[in-house]
Amino acid sequence: MQTVQNGTGDVRRLADAQWAAARLVDAYGGLPEGISKAMLLDRFERAAPRLGFGDGIVRLIRALVRVTQEQDWTGKTHPIAWPSNDALGEELQRSRTVIQGLIRSAVRAGLVHMKDSGNGKRWGYRGERGQIIEAFGFDLSPLAVRWDEFADLAAARGLEQERRRQLKRKLGEVRREIRTVCADALQHELPGFGWNEAIARASGRLPRTPSLGELEGLLDVFSGLLAAVDAAWIEARRSSDMEPRGFESRAQKEPTTQPRSKRTTYLAHRDEVADRSARPGQGGGAADLDAAEARISEEVIPLSLVLEAIPEIQGHLDDVAAAEWEDLVDAVGRVAPLMGINVSALREARQTLGRNRAAIAVATVLARWKDGEITSSAGGYLRAMCERERIGALHLLPSLYGLKERHSPRKKSPSRRTER
């Protein structure tokens, strides 16, 4: 290899890239304060794809940095490694010819500088405290000089990877939503759209390693498909005059803890509430009850009460003790499809009730679905709760207290006997 010795001795011709590496060596002053060789190696490995370095060069640099010591990077001495080509070939599981090619590539890339001995051999020895006394081989000073470059590229790549993860997650959600809406349309035999073709498109394979631009393009395509599917589903549902409450032969259960007659249907109760609200002047007791219920519905519902009243949702939370409202919203989003609640019903609930109250409503549906109270359509039950919310007749707080009593029923106080 055409290399040069710093100082006096044999001088050989260098290519332009090798001279550039020699200039980086002259600018070496140690790693910045607080930066270790492990951090330098980490930033280099993360920046390598953006610099176009292959796996072979990354593994070579990793092997060279690992044989150095932390004190070699303080600036008092140059970080020099002197493993032989045979030792590198054994560690990297590559032939001698491949190792020589990787070394030349590393020098051209400005990552290492070759410091030769008089006979062209690599060797070195350390003092009693481990400091390098004299060494010839791979001078890794260019890596330390390029720390800022590696750190910036690693940060940019981290942001790109995070953006890629977000796009993949969003793309998966959109594709699942397309399949869910189309499956619901096929179940109800809705006409006017190629539901099977949309499912096939949403179930097809994506590129194995898509670029950021490809992911953004795919998200735009499937978002447009979802918009078309939603519009077709709404139009077909409107034209077919479908009832959102499930089977017409079964009455929807009341989302309240108060028992009602088996013959009472949701629509009948809605009419009753609407009729009662239209006559505010009749009956002072009923008006007082309505005002009390309105005050209850305006109270802030603590998350702890929801988790205590509905322990069925706790199994879908990562950390119940540290759970927040966003965690509950994400959990009910995963639970809803298990109960047969399609995306459109969940979206309607969030638009009508708000994200937090919609999450409470879905959790309430889960509790009643687990208990066997809901046997026909959990999605229809949720839509019925939305209808009750629109007319001001949905009260979640009493329902939560009623569900809480399932697990901790109130104990009746024993009657006192009068002693005579």
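**Aromatic pairs**

Start with the rings of Phe, Tyr and Trp. How many aromatic pairs does the count come to? The model is predicted, and the values below are computed from it.

Select Trp 123 and Phe 136. Their rings form a tilted pair. The centres lie 5.1 Å apart, with 50° between the planes. Now show the strands. Trp 123 sits in strand β3, residues 123-126, and Phe 136 in strand β4, residues 132-139, so this pair ties together parts that are 13 residues apart in sequence.

Is Phe 136 buried or exposed? Phe 136 is buried, because its relative accessible area is 8% and the cut-off for buried is under 20%. Trp 123 has 34% relative accessibility and therefore counts as partly exposed.

Move to Phe 193 and Trp 195. This aromatic pair is also tilted: 5.0 Å centre to centre, 45° between the planes. Colour the two residues by accessibility. Phe 193 is partly exposed, with a relative accessible area of 28%. Trp 195 is buried, at 3%.

Next, select Phe 44, Phe 53 and Phe 150. Ring pairs link these three residues into a cluster.

**Arg 175**

Go to helix α7, residues 147-187, and pick out Arg 175. Arg 175 is buried and has no salt bridge. Which side chain of opposite charge is nearest to Arg 175? It is Glu 173, 12 Å away. A salt bridge needs the side-chain nitrogen within 4 Å of a carboxyl oxygen.

What does the side chain of Arg 175 reach instead? Draw a distance to the backbone oxygen of Ala 202: it is 3.2 Å.

Then show the neighbours of Arg 175. Leaving aside residues up to four places away in sequence, Arg 175 touches Arg 201, Ala 202, Ser 203, Gly 204, Leu 206 and Phe 222.

**The whole chain**

Zoom out and switch to cartoon. The protein chain has 17 helices and four strands. Colour by burial: of its 420 residues, 37% count as buried.

Take the contacts between residues at least 6 apart in sequence; 71% of them join residues at least 24 apart.

Finish with the surface. The protein chain exposes about 24,000 Å². Carbon and sulfur atoms supply 48% of that area.

Terms used: Residues are numbered from 1 along each chain as its sequence is written. This is a predicted model: local features need pLDDT of at least 70, side-chain atom pairs count only at pLDDT 80 or more; totals for chains, interfaces and linings use all residues. Side-chain values use heavy atoms; hydrogens and water are left out. Helices (H or I, at least four residues) and strands (E, at least two) are DSSP runs, numbered from the N terminus. Buried means under 20% relative accessible area, exposed over 50%, partly exposed in between (1.4 Å probe, protein chains only). Lys and Arg count as positive and Asp and Glu as negative; His and the chain ends are not counted. A polar contact is a pair of N or O atoms within 3.5 Å; within protein, one must be able to donate a hydrogen and the other to accept it, and residues adjacent in sequence count only if both atoms are side-chain atoms. Contact means heavy atoms within 4.5 Å. Accessible areas come from the Shrake-Rupley method with a 1.4 Å probe; for residues, only the protein chains shown count as cover. Rings of Phe, Tyr and Trp (its six-membered ring) pair if their centres lie within 6.5 Å; planes under 30 degrees apart count as stacked, over 60 as edge-to-face and the rest as tilted.
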